[in-house]
Every structure is written in structure tokens, then in C-alpha cells.
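The following exercises concern the fold and surface of one protein chain, and then a single residue within it. Please study the sequence and the structure before reading each solution.

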Amino acid sequence: MNTLIGHINKIDEFEGLTLIEIQVENDILKSIVINNDSLTYQINDKVELLFKETEVILGQKTDHLISLQNKLNCTIINIQKGKLLSQVHLQYRNFKLCSIITTNSVINLDLKINDNIVAYIKTNEIMVAKC
């Protein structure tokens with residue numbers, strides 16, 4: 001499980017859902033959560049962002065417009081290739097992350113250690129927990 005630490009800087013609620021903007025160092029990430037009366041979030045709360053390795057999509061730096069809002073500029077620090085799946089280990093600022101993608105994707109993207117890459121995470125795949 002990937003983990004980032006940040007602080008909430010904006011909260012929008014509508015029809016049972018909450019869109020939370022979290023500042024992680026100099027970047028803004030967003031998570032959408034189902035409202036829960038037993039757990040409330042407030043501006044400036046310190047929170048953990050958790051997301052599975054299989055939810056981290058990797059892409060080369062391009063000018064394509066896509067709907068994924070959470071984009072992290074990373075550097076590849078290690079690649080563990082398997083027959084079908086590979087683990088791509090990333091450095092994002094002061095955090096280490098991991099993406100599990102197909103080995104064919106590693107080959108097709110020609111990924112190498114020290115490459116700069118963009119890690120994308122869907123807004124609904126990020127869990128938020130109070131620290």
C-alpha cells in the first residue's frame with residue numbers, strides 16, 4: 001500500500017459525497033469519499049493518503065489532456081520485472097511509491113531506472129485517514 005502524508009486545504013460536500021483536496025508538499029491531490037457521520041474532516045487536518053500499487057498508472061510526460069486529476073512527477077528508482085507483472089518503484093519528493101503494471105507495459109514504455117515518469121491516481125482510489 002502506498003502512503004503519502006498531507007494536510008487538508010479544501011472540502012466540498014454534495015449529496016453524500018465529499019471531495020477533499022490535500023496538500024502534499026507543494027502538490028494538491030484530491031480524494032472523493034462517501035460521507036460518514038462518525039468521521040469528519042476539517043481544514044488543516046493532517047491525513048494519510050493510501051492507495052494500492054495496482055491503482056498507480058504510469059505515463060510518459062505528454063501534453064495529453066486526461067480526466068485523472070492526481071498527477072505526481074516521479075523518478076524510477078527500481079524495476080522488478082516478472083513474467084506477467086512488474087513492480088516499478090518510484091521516488092516522489094520525500095516519498096517512495098510503487099506501481100504494479102504489466103511487464104509488457106514496462107517494455108512498451110521502455111522504462112528504465114532514473115527515468116522521469118508521471119504517476120496518475122484516480123480520485124476515487126485514494127483513501128483518506130486522519131493521522
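**Exercise 1.** Determine what share of the accessible surface of the protein chain belongs to carbon and sulfur atoms.

*Solution.* The accessible surface of this predicted model comes to about 7900 Å². Of that area, 48% belongs to carbon and sulfur atoms. As for the interior, buried residues account for 37% of the 131 residues.

**Exercise 2.** State the order of the elements in the protein chain from the N terminus on, and explain why the chain is called as compact as a globular protein of its length.

*Solution.* Step 1: the chain contains one helix and 10 strands. Step 2: read from the N terminus, the order is β-β-β-β-β-β-β-β-α-β-β. Step 3: the globule rule gives 14 Å for 131 residues, and the radius of gyration is 16 Å, which is close to that value; the chain is therefore as compact as a globular protein of that length. Step 4: along its principal axes, the C-alpha trace spans about 45 × 30 × 25 Å.

**Exercise 3.** Locate Glu55 and decide whether Glu55 is buried or exposed.

*Solution.* Step 1: Glu55 is found in the loop that links β4 (46-51) and β5 (56-59). Step 2: the residue is buried. Step 3: a salt bridge requires the nitrogen and the carboxyl oxygen to be within 4 Å. Step 4: leaving aside residues up to four places away in sequence, Glu55 touches Tyr120, Ile121 and Glu125.

Key: Residues numbered from 1 in each chain as written. Predicted model: local features only at pLDDT ≥ 70, side-chain atom pairs only at ≥ 80, totals over all residues. Heavy atoms only, no water. Helix = DSSP H or I, 4+ residues; strand = E, 2+ residues; numbered from the N terminus. Rg over C-alpha atoms; globule rule 2.2 N^0.38 Å. Buried < 20%, exposed > 50% of the residue type's maximum accessible area, 1.4 Å probe, protein only. Areas by Shrake-Rupley, 256 points an atom, 1.4 Å probe, with all protein chains shown as cover. Lys, Arg positive; Asp, Glu negative; His and termini not counted. Salt bridge = Lys/Arg side-chain N within 4 Å of Asp/Glu carboxyl O. Contact = heavy atoms within 4.5 Å.
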